[in-house]
Amino acid sequence: MRYSEYLLPTAKETPADAEIISHQLMLRAGMIRKLAAGIYNYLPFGLRSIRKVERIVREEMDRAGAIELLMPMVVPAELWQESGRWEQYGKELLRLKDRKAGDFCLGPTHEEVVTDIIRGTIKSYRQVPLNVYQIQGKFRDEIRPRFGLMRGREFIMKDAYSFDMDDAGADRAYEKMFQAYCRIFERCGLEFRAVEADTGSIGGSFSHEFMVLASSGEDAIVSCDSCTYAANVEKAELKAGAGSSAAPAAKLEKVLTPARKTIEEVAEYLKVPTHVLVKTLIVQTDRGETVAVLLRGDRELNQIKLCRLLDCNWIELAPEEVVLGVTGAPMGFAGPVGLNIRLLADHEVAGMTDFVVGANEKDHHFTGVNHGRDFSVEQFADLREAVAGDPCPRCQGKLEIWRGIEVGHVFKLGTKYSEALNAVVLDDQGQEVPLVMGCYGIGIGRTVAAAIEQNHDENGIIFPLPIAPFQVLITVVNPKQDEVMTAAEQLYRDLLDRNIEVLLDDRDERPGSKFKDADLIGIPLRVTVGERGLKNGEFELIERKSTRKTMLPVAETADKLVELIRGGC
């Protein structure tokens with residue numbers, strides 16, 4: 001491809017609305033252009049990278065025995081009403097009506113559609129196991145689309161669905177997909193981690209997220225420094241303590257804490273560390289229940305864990321008027337002593353003695369507080385977010401915190417959708433049984449964006465070779481010089497003949513501008529063709545990742561490039 005004939009509109013300035021590096025660089029490198037909030041055009045350079053990821057995904061899905069199909073993006077409401085998700089999914093589901101006033105939605109995911117296909121097609125145990133997949137556009141009406149392809153409203157996704165007769169078969173399908181995902185992200189040239197995760201709105205009994213490790217990642221993940229345990233912080237398990245380690249030594253005493261509401265303010269005023277305080281959070285659920293939750297003062301509530309414990313879809317901190325009605329005090333002074341609502345506590349609180357809590361009275365706290373003596377907890381549970389240094393739930397190691405970007409998610413769905421949509425088959429005894437399902441997704445564009453988050457420097461993108469739009473960039477220093485252009489054209493044709501993906505920068509631009517563009521767009525191998533090098537019979541090779549420069553004899557350059565590409569650079 002000749003740069004002069006290619007649509008590759010690079011930009012020097014960083015767009016004002018681009019907050020993270022992948023969004024900035026994808027816009028500046030001419031990969032995408034914004035059409036509307038969370039909706040992007042894929043320009044040729046960006047589309048080439050996306051197609052590379054798609055090809056790797058297809059090859060590994062096919063290798064794992066999955067079969068490709070294609071389902072509509074527009075889905076009738078009846079299917080979502082059958083599964084119960086028409087209302088449950090919330091405002092992210094973009095609903096619309098056709099000219100006959102029929103209700104439809106733009107598919108954010110396709111469990112209902114694929115289950116409908118299977119229930120009308122698969123009737124016998126002899127027709128399973130089965131795994132089907134598609135690569136297709138999805139739409140989720142995010143309340144705050146941001147970060148370019150990282151959290152858009154319209155996006156490209158690979159979603160696969162497995163169907164088995166029993167849990168054992170579903171486990172085998174899950175493991176096949178798990179291994180296929182590992183191969184996919186390895187082939188994409190990414191550093192990643194598979195972590196245990198919450199199943200969210202998809203549902204099911206178990207899941208793993210595949211995280212590309214990047215310091216800019218929006219998700220925190222934990223991993224053990226001694227074993228293979230890893231999990232999203234939303235899912236990370238924490239060991240229960242052994243209970244109180246010391247007998248109460250202090251008496252309950254109410255103390256004045258004027259205008260001190262926060263944990264830090266109270267701790268500073270009382271001259272105690274924050275970990276001897278216990279905070280009382282008043283929360284409300286989507287079912288209308290108001291609950292008090294106790295956490296050590298320096299800990300944060302894990303809302304996903306609390307939702308699982310309360311069997312609800314979401315929780316939120318109660319507004320001030322509710323806190324006032326429940327505690328008799330303004331926000332900042334809630335405490336468990338004398339509180340007459342359901343009281344839950346994190347496991348850590350069970351091991352604490354003589355701690356500080358709010359007194360349910362403005363400008364007052366209690367010191368010398370102990371559970372059992374001064375108040376009763378209905379249930380202790382794992383309710384907090386993990387932090388670095390926490391003990392591993394699987395071994396004697398310690399947890400470490402990483403940042404990651406979710407690019408894939410695999411789920412064990414069980415029979416949630418097959419039962420709801422009556423996707424049953426006859427077993428070998430002639431009895432109807434619901435199929436056991438799995439669900440497996442990969443964000444295609446998100447994978448490209450995550451690769452850029454992980455692979456860049458101050459000058460631009462550093463594409464991993466397997467997903468780079470082109471493998472080689474030939475930069476012609478002065479294309480108006482016949483000798484220079486002839487040499488560049490010869491190398492260009494030699495590489496094309498060897499099936500190397502090459503971009504020839506034949507533009508009549510200043511060398512400095514071309515070199516800046518070369519660093520920005522991040523093609524792994526760059527060959528500079530200029531008058532000075534040709535006088536010595538050489539081309540200059542620059543490897544984008546290492547920035548290593550090598551002078552190569554003109555006659556050997558094509559062979560060297562092929563060797564580097566076959567070796568993965």
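1. In which hand does α2 pass α12? The crossing of α2 over α12 is right-handed; a crossing is called right-handed if the near helix is turned clockwise from the far one by less than a right angle, and left-handed if anticlockwise. The note below begins with this pair of helices and then turns to the sheets.

2. Some remarks on the basis of the note come first. The model is a predicted one, in which local features need pLDDT of at least 70 and side-chain atom pairs count only at pLDDT 80 or more, while totals for chains, interfaces and linings use all residues. Residues are numbered from 1 along each chain as its sequence is written, and side-chain values use heavy atoms, with hydrogens and water left out. Helices (H or I, at least four residues) and strands (E, at least two) are DSSP runs numbered from the N terminus.

3. Two packed helices are described by the angle between their axes and the distance between the axes. Helix α2 (residues 44-63) packs against helix α12 (residues 444-454) at an angle of about 115°, and their axes lie 9 Å apart. Axes are lines fitted to C-alpha atoms, for helices over the stretch in contact, and angles run from 0 to 180 degrees between N-to-C directions. The two helices, α2 and α12, are therefore roughly perpendicular, a term that covers 65 to 115 degrees, whereas under 35 is roughly parallel, over 145 roughly antiparallel and the rest oblique. On the α2 side the contact (heavy atoms within 4.5 Å) is made by Ser49, Ile50, Val53, Glu54 and Val57, and on the α12 side by Ile444, Gly445, Thr447 and Val448. Sorted by class, this contact of α2 with α12 holds 5 nonpolar, 3 polar and 1 charged residues. Here Ala, Val, Leu, Ile, Met, Phe, Trp, Tyr, Cys and Pro count as nonpolar, Asp, Glu, Lys and Arg as charged, and the others, Gly among them, as polar.

4. Helix α12 also meets α1: the axes of α1 and α12 come within 8 Å and cross at roughly 105°. That angle makes α1 roughly perpendicular to α12. The residues in contact are Ile21, Ser22, Leu25 and Met26 of α1 with Val448, Ala449, Ile452 and Glu453 of α12. By class, the contact of α1 with α12 divides into 6 nonpolar, 1 polar and 1 charged.

5. How many residues of α12 are buried? The count is 11 of its 11 residues, where buried means under 20% relative accessible area, exposed over 50% and partly exposed in between (1.4 Å probe, protein chains only). Among the buried residues of α12 are Arg446, Glu453 and Gln454.

6. Helix α1 (residues 21-28) is mostly covered as well, with 7 of its 8 residues buried. Those buried are Ser22, His23, Gln24, Leu25, Met26, Leu27 and Arg28. The elements covering them include β1 (32-36), β2 (39-42), α12, β25 (456-457), β26 (460-461) and α14 (511-521). After α1 comes Gly30, whose phi is positive, near 70°.

7. Strands of a sheet pair through backbone hydrogen bonds, either parallel or antiparallel. Two strands are taken as paired if DSSP finds at least two bridges between them. An open sheet of 5 strands has the order β28-β27-β29-β30-β31 and mixed pairing. At its edges stand β28 (502-505) and β31 (549-553), each with a single partner strand, so one side of each is left without a neighbour in the sheet. From one strand to the next the twist averages 25°. Strand β27 (residues 472-476) pairs with strand β29 (residues 525-529) in the parallel sense over 5 bridges, and Ile474 stands opposite Val527 in β29.

8. Helices pack on this sheet. Helix α13 (residues 482-497) touches β27, β28, β29 and β30 (538-543), and its direction makes about 170° with that of β27. Helix α16 (residues 557-566) lies across β27, β29, β30 and β31, running at about 170° to β29.

9. An open sheet of 3 strands is antiparallel and has the order β4-β6-β5. Its edge strands are β4 (74-76) and β5 (95-97), each pairing on one side only. Neighbouring strands of this sheet are turned by 40° against each other on average, direction ignored.

10. Strand β17 (residues 342-346) is mostly covered, with 4 of its 5 residues buried. Strand β15 (residues 290-296) runs parallel to β17 and is joined to it by 4 bridges; Leu344 in β17 is the bridge partner of Val293. Strand β20 (residues 379-381) also runs parallel to β17, through 3 bridges, and Phe380 in β20 is the bridge partner of Ala345.
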